[in-house]
Amino acid sequence: MRAAVAAGLAEGGHPVALIDKGMVFASSAEARREGVRRGLRVREAQARCAALTVLRYDRGLDQREFEPLLAAIEQAIPGVQPMRPGLCALRARGPARFYGGEDAAARELLRVAAEHGSPDACAGIADGPFAAEQAARAASRPRRSGGRVLIVEPGRSADFLAPLPVDALGFDAQLTTLLHRLGLDTIGTLAALDPLELEDRFGQAGVRAHALATGTERTVVVPRDPQAVLERSIAFEPGLERADEVTFAFRQTADDFVASLVRAKLVATAITIVARSESGAESERTWLHPRWFTASDVVDRVRWQLEGAGAGSGLDSAVVEVTVKPEAVDAAGHHEDGLFGGGPDERVHHALSRVQSMLGHEAVGTPAVGGGRMLADRAVLVPWGDRASDAVAHDRAKPWPGSLPPPLPATVYAPPARCAVVAASGAAVDVDDAGELTADPVGFSPAPGRPPVAVSGWAGPWPVEERWWDTDAARSVHRLQLVDSDGGAWLVLLEHGEWMLEARYD
């Protein structure tokens, strides 16, 4: 399994087993040499190999690791059918004619697998996919002579499968246990029975078991459609020093990239751009788009990345290669214009994208809600076309003790504006050492110099203490909610003896 190989490399070459539902799903070559096999319980596997490292099986990771190998095999021998991560099937007749025999074709596949990080891959050839899989497993067993290719002669699949346990058929545990109780411990004993009797006792499962045991299964290899290569690259010799030179040379590549998506009836909503310099340094960034990428959009992202937009380009010498690849795609039919065009949304998109292309990626922002105790801290500007980062979502999900509970005010003043809260005597209201108001607020002025408006209701104050352990960054404020006689609701705060207008409830 590719995931087992990757996990073994990550653990420094130690024996590794991947566990799924309490059973060994896959194991590295080091673990297999110690007797660890698929289907063993965790305790038994650890008993066989004391140094075994147990990891959880990640099917998504396994599939991603296996996909490059499938693509490489398709380049050498078309017609691959993925069975599951780590296992694929091909028709043997065509490759055998091309390479001069079944053994030569199988060894070519093993050579391709070794070049792509699977030096321990094995191949089996038989009358059907099930027998071929068991032959490949037999070829992988330690201390087996004959190399990593096992060929079962035509018509001899039943003889080859006969000594294997019925567990190899892959049926559910309940049916396998029942077969053992009936004395059908091997595939050969199952194949010797009358298929009609098996059908009467086990139904269609019995029919399929007999077909697999006798090597007469009717399963055929159905090749998958090869995936189109959508990424595009351009190399520069010699390297280019200036960003405008790179983007000018990249325009044709951007056109080819978008054209390949159009041919596949796709649009890219996220792309990854990788720029490599003469020194070997790489700048890689994933860019998002509110709709989909056109060729000019791709060129703009290359320019922004090379000019150090956001996190910086990270390149210290001339650029020698630029690659663009789709990170997220969608069917083009989902993004077609309506019968009467895109309307205002399309005009807004084009206008903002135009301003962004002239002024830079971060020149146009859209608001997003982040985390923080103060309302102004929660407003985060995200560049137009990007989604809020995981860090913003993580900050928003924090508890933030002392933050204002909903419903939140609609208008937030950033920075807070000066205001006045006065008592009946005309003096400014303050907060004492106990956190209480020194007098009831009876007047409120939203701006200095304006006559105060009568206060009809108020609540608070609530203290907010931030970074009290840091003298330079410490902040201590008191919040107060007010309702004036005109019906306006306000959120004010007292900091350093001055009242500030933080927000208004509209």
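Contact here means that heavy atoms lie within 4.5 Å. The model is predicted.

Q: Is isoleucine 273 buried or exposed?
A: Isoleucine 273 belongs to strand β9, which spans residues 266-277. Its relative accessible area is 1%. A residue counts as buried under 20%, so isoleucine 273 is buried.

Q: Which residues does isoleucine 273 touch, not counting residues up to four places away in sequence?
A: One of them is Arg301; arginine 301 is 28 residues from isoleucine 273 in sequence, with a C-alpha to C-alpha separation of 8.0 Å. With residues up to four places away in sequence left out, isoleucine 273 touches Ser283, Glu284, Arg285, Trp287, Val298, Arg301, Val302, Gln305, Val322, Thr323 and Val324.

Q: At what angle do helix α11 and helix α12 pack?
A: Pro195, Leu198, Glu199 and Phe202 of α11 meet Gln204, Ala205, Gly206, Val207 and His210 of α12. The residues of this contact comprise five nonpolar, three polar and one charged. Helix α11 covers residues 195-202 and helix α12 residues 204-214; their axes are 6 Å apart, and the angle is about 145°.

Q: Among contacts between residues at least 6 apart in sequence, what percentage join residues at least 24 apart?
A: The contacts considered are those in the protein between residues at least 6 apart in sequence. Among these, the share joining residues at least 24 apart is 54%.

Methods
Residues are numbered from 1 along each chain as its sequence is written. This is a predicted model: local features need pLDDT of at least 70, side-chain atom pairs count only at pLDDT 80 or more; totals for chains, interfaces and linings use all residues. Side-chain values use heavy atoms; hydrogens and water are left out. Axes are lines fitted to C-alpha atoms, for helices over the stretch in contact, and angles run from 0 to 180 degrees between N-to-C directions. Helices (H or I, at least four residues) and strands (E, at least two) are DSSP runs, numbered from the N terminus. Ala, Val, Leu, Ile, Met, Phe, Trp, Tyr, Cys and Pro count as nonpolar, Asp, Glu, Lys and Arg as charged, and the others, Gly among them, as polar. Buried means under 20% relative accessible area, exposed over 50%, partly exposed in between (1.4 Å probe, protein chains only).
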